[in-house]
Amino acid sequence: TSYDTILVEQRGRVGWITLNRPDALNALNTRAMHEIVVAAEGFDRDPGVGAIVVTGSERAFAAGADIKEMADKSSVDMVLDDHFGAWNRFAAVRTPVIAAVSGYALGGGCELALMCDIILAADTAAFGQPEIALGVIPGMGGTQRLVRAMGYYKAADLVLTGRRMSAEEAERAGLVSRVVPAGELLDVAGEVADGIAAKSLPSLYAAKAALDAALETPLSAGLRYESAAFTSLFATEDQKEGMAAFRDKRAPEFTGR
Ligand code: HXC
């Protein structure tokens with residue numbers, strides 16, 4: 001596959017997707033959306049990939065959906081474009097996805113990060129949902145995922161005012177997993193991703209699915225889901241290997257079986 005708007009590369013067991021529309025601060029036009037989804041699904045289908053990193057440039061993770069592309073569209077155009085279905089496919093990827101955010105993560109850029117499992121932010125990162133200043137609202141999950149991530153009042157502060165939040169405030173609020181010095185962002189992302197990707201793939205899929213269930217189910221149903229997933233992992237060779245390695249005081253060698 002050849003891509004116009006992103007760079008796609010596999011390093012070891014990690015799939016890297018780098019947004020690459022520097023002239024538009026990585027604004028997510030329709031093409032970029034489809035390319036990101038196709039690249040992520042391609043990595044997701046490959047058992048040689050155990051983690052995916054999505055990143056942008058130093059100046060911008062992504063400054064949102066492409067305003068110039070959207071500006072003249074009708075409501076029906078937006079329905080037919082079906083941005084929502086495409087992004088739902090990204091969020092449905094089973095492989096753990098890490099967002100490595102430097103610079104602007106605004107609007108759809110912030111929402112793309114929110115579709116990932118771990119958000120690593122450079123200390124220069126700025127998060128926000130400025131749609132309200134354009135006469136619209138977040139449309140890639142921002143109102144829903146921000147409330148779940150940071151609670152109603154922090155989310156409403158972002159969505160209703162359109163203001164930006166620093167990496168430090170975003171971490172305090174629960175939107176960011178870790179803040180790192182800007183110069184170390186990609187190295188840290190690589191280390192975190194390599195560490196995840198070295199684990200047993202079935203256990204990674206199960207862990208992500210169980211975490212997702214926590215956002216969608218009452219506690220009792222979530223606990224039933226977790227215990228069923230936990231016990232099912234005892235059918236894997238990797239569970240035997242992981243526990244044997246602990247007993248033998250050596251590093252486990254997972255095969256993904
Ligand atoms: C299209 C964009 C863009 C965007 C920046 N650019 N953001 N183009 N869509 N979202 C373009 C600018 O037009 C400009 O191109 C170039 O990128 C550099 O941007 P500048 O504005 O010159 O840079 P700067 O002054 O440093 O300001 C950076 C910024 C600002 C604060 C990030 O660009 C900005 O406010 N961008 C829009 C942020 C936003 O409102 N995002 C929400 C979008 S709505 P030219 O060629 O003109 O110089 C959304 C809805 C999602 O995301 C739901 C979809 C279903």
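Which polar atom lies 3.5 Å from the backbone nitrogen of Asn-20? I looked this up and found a polar atom of the side chain of Asn-26 at that distance. A polar contact here is a pair of N or O atoms within 3.5 Å; within protein, one must be able to donate a hydrogen and the other to accept it, and residues adjacent in sequence count only if both atoms are side-chain atoms.

**Ground rules.** I am reading a predicted model, where local features need pLDDT of at least 70, side-chain atom pairs count only at pLDDT 80 or more, and totals for chains, interfaces and linings use all residues. Residues are numbered from 1 along each chain as its sequence is written, and side-chain values use heavy atoms, with hydrogens and water left out.

**Asn-26.** I placed Asn-26 in the loop between β2 (14-19) and α1 (30-45). Helices (H or I, at least four residues) and strands (E, at least two) are DSSP runs, numbered from the N terminus. Asn-26 is buried because its relative accessibility is 4%. I use buried for under 20% relative accessible area, exposed for over 50%, and partly exposed for values in between (1.4 Å probe, protein chains only).

**Start of the chain.** I then turned to Thr-5, in the segment before β1 (6-11). Its side chain has a polar contact of 2.6 Å with that of Glu-35. Thr-5 is buried, at a relative accessible area of 6%.

I also looked at Asp-4, which forms a salt bridge with Arg-31, with 3.7 Å between the closest N and O atoms. This pair links distant parts of the chain, as Asp-4 is in the segment before β1 and Arg-31 in helix α1, 27 residues apart. Asp-4 is exposed at 53%, while Arg-31 is partly exposed at 40%.

**Salt bridges.** I counted as a salt bridge a side-chain nitrogen of Lys or Arg within 4 Å of a carboxyl oxygen of Asp or Glu. The count by this rule is 13. Side chains of opposite charge can pair when their charged atoms come close.

I noted Asp-66 with Arg-21, whose closest N and O atoms are 2.9 Å apart. Asp-66 lies in the loop between β4 (60-62) and α2 (67-70) and Arg-21 in the loop between β2 and α1, so this pair ties together parts 45 residues apart in sequence. Asp-66 is buried, at 8% relative accessibility.

I found Lys-73 and Asp-81 joined by a salt bridge of 2.6 Å, N to O. Lys-73 is partly exposed at 28%, and Asp-81 is partly exposed at 25%. A network of salt bridges links Lys-154, Asp-157, Arg-163 and Glu-169.

**Surface patches.** Patches take residues with over 30% relative accessible area and no salt bridge, joining like charges within 9 Å and nonpolar side chains (Val, Leu, Ile, Met, Phe, Trp, Tyr) within 5 Å. I found a negative patch formed by Asp-123, Glu-184, Asp-187, Glu-191 and Asp-194. Asp-187 sits in helix α9 (residues 185-197) and is exposed at 54%.

I also found a nonpolar patch of about 260 Å², made by Ile-67, Leu-134 and Val-136. Val-136 is in the loop between β8 (126-128) and α6 (142-150) and is partly exposed at 43%.

**After α12.** Last, I looked up Arg-257, in the segment after α12 (237-247). Arg-257 is exposed at 60%. Its C-alpha atom is 7.5 Å from that of Pro-202, 55 residues apart along the chain.

Note on methods: Areas by Shrake-Rupley, 256 points an atom, 1.4 Å probe, with all protein chains shown as cover. Lys, Arg positive; Asp, Glu negative; His and termini not counted. Charge placed at Lys NZ, Arg CZ, Asp CG, Glu CD.
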